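Here is a short briefing on the interfaces, backbone and aromatic pairs of a predicted model. Read it with the coordinates open.

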Amino acid sequence: DTAAVSYLLRLGDDALVASHRLAELVTRAPQLEEDVALSNISLDLLGQARLLLSYAGRLEEQLTGVLRTEDELAYLRDESQFVNCRLVEFPNTDFAHTVARQLLFSAYAVELYTALGGSTDGELAGIAAKAVKEAAYHRDHAARWTVRLGDGTGESARRMTRALEALWPYTAEVFASDGVARAVSGTGFGTDPAGLRPAWDAFLDGVLAEAGLQRPAVAPVAGLGGLGGRDGVHTEPFGYLLAEMQHLHRSHPGAQW
Amino acid sequence: DTAAVSYLLRLGDDALVASHRLAELVTRAPQLEEDVALSNISLDLLGQARLLLSYAGRLEEQLTGVLRTEDELAYLRDESQFVNCRLVEFPNTDFAHTVARQLLFSAYAVELYTALGGSTDGELAGIAAKAVKEAAYHRDHAARWTVRLGDGTGESARRMTRALEALWPYTAEVFASDGVARAVSGTGFGTDPAGLRPAWDAFLDGVLAEAGLQRPAVAPVAGLGGLGGRDGVHTEPFGYLLAEMQHLHRSHPGAQW
Amino acid sequence: MTITEDTQHTGDGGWRERFDAMIAADERIEPRDDMPDDYRDTLVRQIAQHAHSEIIGMQPEANWITRAPSLKRKAVLLAKVQDEAGHGLYLYSAAETLGTSRAEMLDLLHEGRQKYSSIFNYPTLTWADVGVIGWLVDGAAITNQVPLCRCSYGPYARAMVRICKEESFHQRQGFEILHVLARGTPAQREMAQDAVNRWYWPSLMMFGPPDAESAHSDTSMAYGIKRFSNDELRQKFVDMIVPQAEALGLTLPDADLVWNERRGHYDFGEIDWSEFKQVLKGNGPCNRQRLERRRAAHADGAWVREAARAHAANRAARTREEATP
Amino acid sequence: MTITEDTQHTGDGGWRERFDAMIAADERIEPRDDMPDDYRDTLVRQIAQHAHSEIIGMQPEANWITRAPSLKRKAVLLAKVQDEAGHGLYLYSAAETLGTSRAEMLDLLHEGRQKYSSIFNYPTLTWADVGVIGWLVDGAAITNQVPLCRCSYGPYARAMVRICKEESFHQRQGFEILHVLARGTPAQREMAQDAVNRWYWPSLMMFGPPDAESAHSDTSMAYGIKRFSNDELRQKFVDMIVPQAEALGLTLPDADLVWNERRGHYDFGEIDWSEFKQVLKGNGPCNRQRLERRRAAHADGAWVREAARAHAANRAARTREEATP
């Protein structure tokens, strides 16, 4: 059904964009171990994106009769057709922003894929079973860095605090319920993200306490009539990300690679 | 003839890419007056690029029967089809790099367009007559900043020195003679850039002396079998510049704007 | 640092009567004239905010310069953003005639203690947004600013004359961008409509809160700074854009928009002031990004400005040395 | 900072005979064994340079990760660059067994006092360059490195076994990229040929100067670190790639390339060693860029590494406090 397709695109776009931001950092990490870790996480997310987007394309084909491959979905959609949350679009302003983005997103991903392990859809449940293990590693990696930075030096704690303040306003969108979420939740295909928030909150509280950091007292991002990433309404930096990602593919229409 | 087309593309691409790098700085200048000045220079260069590329397209049409417009030339060529010198591709690493790039390039442009004022081709001579006045202003702006930075603080002198060292190896390419240069020089359509070097050298020596800076003792960039920007062999950052510049246009094939 | 430290009035006790008479006669107050403190404060706040809006307002449009889809449009956009930097310069100069330096005003902006127009806290997500900013945002700005050309403070009024002339040029360019898109491919048309959908309501909010809730209007009106109320200007703007939208063939996303024969105006829908207040409070989609870009440009440029000052001092010292026999 | 400060040999005077006997018997020297200073120095220099080449070598390929033209190719490339970071880690560890810390080696790299392979000073200008790096550059690296799997120093030999296995996988992936391009659109085919044209000669230079001019080869050969001369390896490489180029349908840009029946090898053209020397001296197209990226990553990460150390210290202090009754 349409809701299932939209839902898979959301999950796939989240993974694709999160992967891209980490890929930008390869050769720029603070130490070689992090080049390995960040590229590893980027690769996991890219793998998830490929499974999710391909599956979305095949389900869509059942509705429309036209198949869009993972590459057509990644490279030939315009910005307003991407339905990832804005959280994953955030640039790698500094390493603290990267850690904060990964912490907030992977803590959600763990809850998400845990829930989707029970999907009534066998293929999605299979994807989730693999993804949940990866997300647990990603979350652990981000949580350990959050603690190191929060409990490190004055500078690292300041940077981590600033990064959490910048990103936190975009977390509400991740857990927002809407028609698509309710529809997939109703059929058991997916899960309504609103239900994942309490466990996420509890996890975050634990990590922040260990890191000696405060939960940011910031309001969710407002404006745009309440529209956001799930509606194809993104942030300005996202357009540049897509230009870079898609330029070569779009420059050779119809070519195989 | 073919040489004239190639020659105009070189001049047009130089102006287009130099304009783009300055355009990137708008809203990021060290003071509001520089936002005005840099966007003004960027706009002048863009104007030159449009005249030169359109004219290249029209001359090419006489040979091939197919017209490529300024937009087709700017937006639909691949990286290896651009024939600008690599000097103008350099990123705005800091304001000193921007000033150094503008100084080295506009000092060349003044000599170039002075010479082209005597082109046997009326249209090119007309373009040159306008461009030489603009280039003189650009050169003056860059020279004044070179002196301010060279004769400013220890930090500004260090940054200016580093910028000149980074860019100087790419100046040899600007003045390199080759078949195209000799052909247009022979017909009087254009000028062989090798002949412009002495005046450029003298101007640079004067500015550097006033700024209290040394002429960098660095060799021209080597490798790539001697190929460079004029052969379509560029720098890595240039690919990202094109991705950003062309993405929207390429995403809507055939659309009018 | 304040440029004029002496804000005392001239010894002559009759200045207030003369000032009131000039206001009443619709004459222009000039920097040398005595003026009440609340007049000066209101003006400085308003002109500084206006100047800040010009320079922060460069950001949403500059976002598309490097990606503009044709060289002609790129040139027009670059020229427009350059004009905005120029407007910022005039306006800071106008404010400086009242005794506050540009550096001081920029510090207040960077510290979040002076505002800029909230409209610039919305993102430009597609090329069509550039068109809509020209058409709706500049259109609203002009509606607000045309009456300011008759403002009681001379330097501000003169700056506004020049600015309004350029702004109306910008508005036509924005309209022209949308006109082409609306007649373009289906994707281009959709892009245009989507941008109008996102910017319509924020542009209505540009006139500020409803008159009943507006804080500064009374003083501004009394002093001949403001000539029309927020709601009057908003109505004027709506009346202007409805036929323009029709000409473009684009729909304004407002189900309540209808011609009211009795009022001789268009009725329009209820504005979501809670969104306006959130964005004003700093929670809009781009508040943080805009201010951080501004602060970063200022901080990254510190060594450059310092070098320029050091060079000027070096040169002055050399000149003095040379002058010494 | 050096990890082992004591480079003295064990008191027993017969160590040198034992060392020479082990080399002669083709046995592996291990970190605990006594070894001559020039053996240790040669190895540290070579392994460090090899490690630096892995991490600098990530840059030309990483340049295309975010722009890879399909998600599958992106994944393969990302995995490859990750492998290279892993190779860097093994190699720094192997060098550390000889008493030099990674931090020390990185400092030498950042100060330009230790080299990395000159091949990485060339730019990757198109997607096809990624294919050619896999095919030619990794191909040359494997040719160089397979004999190192039998190197006399155990930790280096073992690292090379693992690395060579992964490299040969990378080489096949590079070949596969080119295979698709060579059978693709005219633009793709041209892209592939252009990349081969640019990388062929630099890949031949990867084996170092001709034997007659090679500085370190004698010591390395005597100590069982190197097994073949530069020219022998270069010939082996040319013999391997000529049929592969034919299979791809791409032309190697060398007019003198011809099978020599008598030698049983391909003859090939004269290498422009002046270009090689220029690039080695720092004047290649990317020397400055590569080193600056590396230095910037290291400098930008300083606060992160410091925070990690501070946290470890904080935690240790807390543990001690808790342990105190």
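## Interface of chains C and B

Between them, chain C and chain B bury about 3,900 Å², and carbon and sulfur atoms account for 67% of that area. The model is predicted, so every value below is computed from it.

**Who contributes on chain C**

- C:Thr66, C:Leu71 and C:Trp303 supply 20% of the area that chain C buries against chain B, more than any other three residues.
- The contact involves 46 residues of chain C and 46 residues of chain B.

**Polar links between C and B**

- The count between chain C and chain B is 2 salt bridges.
- One of them joins C:Arg318 to B:Asp151, with the closest N and O atoms 3.0 Å apart.
- Six helices of chain C each give two or more residues to the side that touches chain B: α3 (58-62), α4 (71-96), α7 (154-182), α8 (186-205), α12 (287-300) and α13 (302-323).
- Of these, α4(C) gives the most, with 14 residues.
- By class, this side of chain C has 26 nonpolar, 11 polar and 9 charged residues.

## Interface of chains D and A

**Area and contributors**

- Chain D and chain A bury about 3,900 Å² between them, with 67% from carbon and sulfur atoms.
- On chain D, the residues D:Thr66, D:Leu71 and D:Trp303 supply 20% of the area buried against chain A, more than any other three residues.
- Chain D brings 46 residues to the contact, and chain A brings 46 residues.

**Polar links between D and A**

- The rule finds 2 salt bridges across the interface of chain D and chain A.
- D:Arg318 forms a salt bridge with A:Asp151, and their closest N and O atoms are 3.0 Å apart.
- Polar contacts between chain D and chain A number 13 residue pairs, both residues at pLDDT 80 or more.
- The side of chain D that touches chain A draws two or more residues from each of α3 (58-62), α4 (71-96), α7 (154-182), α8 (186-205), α12 (287-300) and α13 (302-323) of chain D.
- Here α4(D) gives the most, with 14 residues.
- The side of chain D that touches chain A divides into 26 nonpolar, 11 polar and 9 charged residues.

- Most residues other than glycine have a negative phi.
- B:Thr27 has a positive phi of about 80 degrees although it is not a glycine.
- B:Thr27 sits in the loop between α1 (2-23) and α2 (32-64) of chain B.
- B:Thr27 has a relative accessible area of 4%, so it counts as buried.
- B:Leu224 is not a glycine either, and its phi is positive, near 60 degrees.
- The loop between α9 (197-211) and α10 (236-251) of chain B holds B:Leu224.
- B:Leu224 is buried because its relative accessible area, 7%, is under 20%.

**A buried glutamate**

- B:Glu60 belongs to helix α2 of chain B.
- At 15% relative accessibility, B:Glu60 counts as buried.
- Leaving out residues up to four places away in sequence, B:Glu60 touches B:Val5, B:Gly65, B:Val66 and B:Arg68.

## Chain A: a loop residue and aromatic pairs

**An exposed alanine**

- A:Ala217 lies in the loop between α9 (197-211) and α10 (236-251) of chain A.
- Its relative accessibility is 84%, over the 50% cut-off, so A:Ala217 counts as exposed.
- A:Ala217 and A:Glu165 are 52 residues apart along the chain, and their C-alpha atoms are separated by 7.8 Å.

**Ring pairs**

- The rule counts 32 aromatic pairs over all chains.
- The rings of A:Phe82 and A:Phe238 have centres 5.8 Å apart and planes at 80 degrees, so this pair is edge-to-face.
- The pair links distant parts of the chain, 156 residues apart: A:Phe82 is in the loop between α3 (70-75) and α4 (95-116) of chain A, and A:Phe238 is in helix α10 of chain A.
- Both A:Phe82 and A:Phe238 are buried.
- Ring pairs also link A:Phe105, A:Tyr108, A:Trp168, A:Phe175 and A:Trp200 into a cluster.

Technical notes
Residues numbered from 1 in each chain as written. Chains lettered and ligands numbered in written order. Predicted model: local features only at pLDDT ≥ 70, side-chain atom pairs only at ≥ 80, totals over all residues. Heavy atoms only, no water. Contact = heavy atoms within 4.5 Å. Buried area = accessible area lost by both parts, 1.4 Å probe. Salt bridge = Lys/Arg side-chain N within 4 Å of Asp/Glu carboxyl O. Polar contact = N/O pair within 3.5 Å; in protein donor to acceptor, adjacent residues only side chain to side chain. Helix = DSSP H or I, 4+ residues; strand = E, 2+ residues; numbered from the N terminus. Nonpolar A, V, L, I, M, F, W, Y, C, P; charged D, E, K, R; others polar. Buried < 20%, exposed > 50% of the residue type's maximum accessible area, 1.4 Å probe, protein only. Phe/Tyr/Trp six-rings, centres within 6.5 Å; stacked < 30°, edge-to-face > 60°.
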